[in-house]
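Hi everyone, thanks for coming. I'd like to walk you through one structure today, so let's bring it up on the screen.

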2 protein chains.
Amino acid sequence: MKNFAVGPVEEFGETLAIGGERTPYFRTEEFSAVMLENERLVLEFAGAEAGARAVFLTGSGTAGMEAAVLNVLGEGDRVLVVDGGSFGARFCRICGVHGIPHDAIRLAAGRQIREKDLAPFDGKGYTALLVNKHETSTGVLYDMDLLADFCRRNGLLLVVDNISSFLADEFDMAALGADVMIAGSQKALACAPGVSVLVLGPRALERVERNRPKTFYLDLKAALADGARGQTPFTPAVGILRQIHARLESIAAAGGAASEICRTARLATHFRSGIRGMPLELFSESPSNAVTALHPTNGISAYDVFLELKDHHGLWICPNGGELKDSVFRVGHMGALTTADNEALLAALGTVLGGRGTGTAAAAPGNRMANP
Amino acid sequence: MKNFAVGPVEEFGETLAIGGERTPYFRTEEFSAVMLENERLVLEFAGAEAGARAVFLTGSGTAGMEAAVLNVLGEGDRVLVVDGGSFGARFCRICGVHGIPHDAIRLAAGRQIREKDLAPFDGKGYTALLVNKHETSTGVLYDMDLLADFCRRNGLLLVVDNISSFLADEFDMAALGADVMIAGSQKALACAPGVSVLVLGPRALERVERNRPKTFYLDLKAALADGARGQTPFTPAVGILRQIHARLESIAAAGGAASEICRTARLATHFRSGIRGMPLELFSESPSNAVTALHPTNGISAYDVFLELKDHHGLWICPNGGELKDSVFRVGHMGALTTADNEALLAALGTVLGGRGTGTAAAAPGNRMANP
């Protein structure tokens, strides 16, 4: 099977090799050194400002989202949430569970955010904005400059769920003035799922220090204190943290975040060229490099496309759930994929959809035979 | 390195092979089947009564402890906590964070619980008891029959942290009348760390249904609902869940929980025979099969024994933290260890402690040469 899902994604050989190694005992200087370098490289790749910190939680990306809300925000806040899909809605539900006053900026699925969407909330006394920079459910990459300007103008704290976009799209935390960034192990880091990463800028760190959140496991004060010596309060997913270490080092050696983003962008562009002429529409007004969300225009169910590719072509793409189940599927461009893999997927898509692409990537019919 | 730590423990080859495989896309019938069988086998091995359910959380064992407290208990409860070490203290802190009224039954480190420790709390209107069946920090296996009797007599809900004892010591959830059992991936299951398992009996399930806990990520109502079809609310640690599956199947094929417990007990007995004559004292009044906690009697620092074995003998044992750092170290008997591994450790211990064992396991000096 070749994995074009949106996460977990196709792993690199080096990552898999570590997955096959025995888990070392971790209350050691050796493991602390690994963790301290993990923190250093994540801060560098996020473009975090001086004084920022990164912590690693054992849990899904959602654990990271909830940890950010619980530790950085409180009942005294008035929070704005950009809600254009299921991950925006998740931020709203997390605020709801913890009694944090919040309003949603609702956007139709697939829509980019614009000045006029923000205007009604300008100067209204909000204290923080939560956004999934890439709303993974619809493939929309939000205009972060617009949102950062709005936050600066209104003095809002900016919390960015960058889970499916970190190392796939540009992100400069310091330049944006973002206070929190959340990432995950299984997206562009291309490691096993199970670790969520948080980067906290100075304003967020101050709030963590001041807050007494109602959580034991997701308490960032404890994670930051132990993290200062390269450790964690509880037994972490040691193997995944070692995979992250190798991957961060390998990205650093290849030129850093920019080169990984460029590699992902090239794969996305190549794939999007290849679907020209197929009965497919881009679902997102503003696609991330990480994912192409597509709507079949010939009446075929998007979920059936997923099943066909899985059961008869050895390919995983990513179905949507809920209301979009039959109308949208997603193709990921993160992880150990190549243009040859794209060609195989394009050929299979041509078969399943009953149409042939006419775009650039489709110009080499010989390659289409790579379909397993 | 050979791993005698208390978790993560030495993995089996089959588990490592899965660790080296690519992570499959998981919103599929194939993965659901894996998860449903995981639930079935955990329920069987825990001796859970009919109608019980098991869920799998991506997180450390502490996430499972907090999920149990948050979802099953509430501010209307009056909770008793058996606190004989750092994991008992952790249950107290979790109750404290969530404003759940609780009292601790404090026991000196290494001490078994007795009738007289419980007597002051008899008939005092408590509603639940929390216990770490094996207080991992000191190696004490509590008398569960005594505690179960007390709970039955007083009508208490019984929540058992069985993280470091599941599949290492006998446990019959139905016979004990226990309502919740917590386990973890990295102890006797001998998989990578990162997954916590909860088994909920009918009374606990009713409470979960009734409660509205202040947590999004650790909400067991959502986990139970998705688990009914073999899925999870958030992206789980897929690889670790696949490791757990293989391991549960392999234990089932070898005769089930009883045979795995017996294997671990044999290793513990063999090791404990081997240390006779060494300047070591058993620290626990009532050792679990999982761990032998030891106190060096010749003045050498327990932490130095850990460092010596790690740096010069290729062996990880498990140091203690806090007040016990210099006086206690622990040797684990879970996972892919053999009596030959025990011999290697015994030989190295003999060297480090400057004393030779005279017990049974030490009777074959040739074996001592297995020391790497």
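H10(A) is the biggest contributor to the lining of the largest cavity, giving 5 residues. Please keep in mind that this is a predicted model. Which other helices supply at least two residues each to that lining? Alongside H10 (238–253) of chain A, they are H1 (13–19) of chain A, plus H1 (13–19) and H10 (238–253) of chain B.

The space in this cavity comes to about 300 Å³. It has 28 lining residues, and those closest to the centre are A:Gly19, A:Gln243, B:Gly19, B:Ala192 and B:Gln243. Sorted by class, the lining holds 12 nonpolar, 8 polar and 8 charged residues. Over the whole structure, the search turns up 6 cavities of 30 Å³ or more.

Now, how do the two chains relate?

Last stop, a helix pair in chain B. Helix H12 (residues 302–313) of chain B packs against helix H13 (residues 339–353) of chain B at about 115 degrees, and their axes are 10 Å apart. The crossing of H12(B) past H13(B) is right-handed. On the H12(B) side we find B:Val305, B:Glu308, B:Leu309 and B:His313, and among their partners in H13(B) are B:Leu345, B:Ala348 and B:Leu349. This contact has 7 nonpolar, 2 polar and 1 charged residues.

That's my tour, thank you!

Technical notes: Residues are numbered from 1 along each chain as its sequence is written. Chains are lettered from A and ligands numbered from 1 in the order in which they are written. This is a predicted model: local features need pLDDT of at least 70, side-chain atom pairs count only at pLDDT 80 or more; totals for chains, interfaces and linings use all residues. Side-chain values use heavy atoms; hydrogens and water are left out. On a 1 Å grid over the protein atoms alone, a cavity is a set of points where a 1.4 Å probe fits but cannot get out, and a pocket is an open set with protein on both sides within 12 Å along at least five of seven lines; lining residues have an atom within 4 Å of a point. Grid points are joined across faces, edges and corners, and a volume is the space filled by probe spheres set on the points. Helices (H or I, at least four residues) and strands (E, at least two) are DSSP runs, numbered from the N terminus. Ala, Val, Leu, Ile, Met, Phe, Trp, Tyr, Cys and Pro count as nonpolar, Asp, Glu, Lys and Arg as charged, and the others, Gly among them, as polar. Axes are lines fitted to C-alpha atoms, for helices over the stretch in contact, and angles run from 0 to 180 degrees between N-to-C directions. A crossing is left-handed if the near helix is turned anticlockwise from the far one by less than a right angle, and right-handed if clockwise. Contact means heavy atoms within 4.5 Å.
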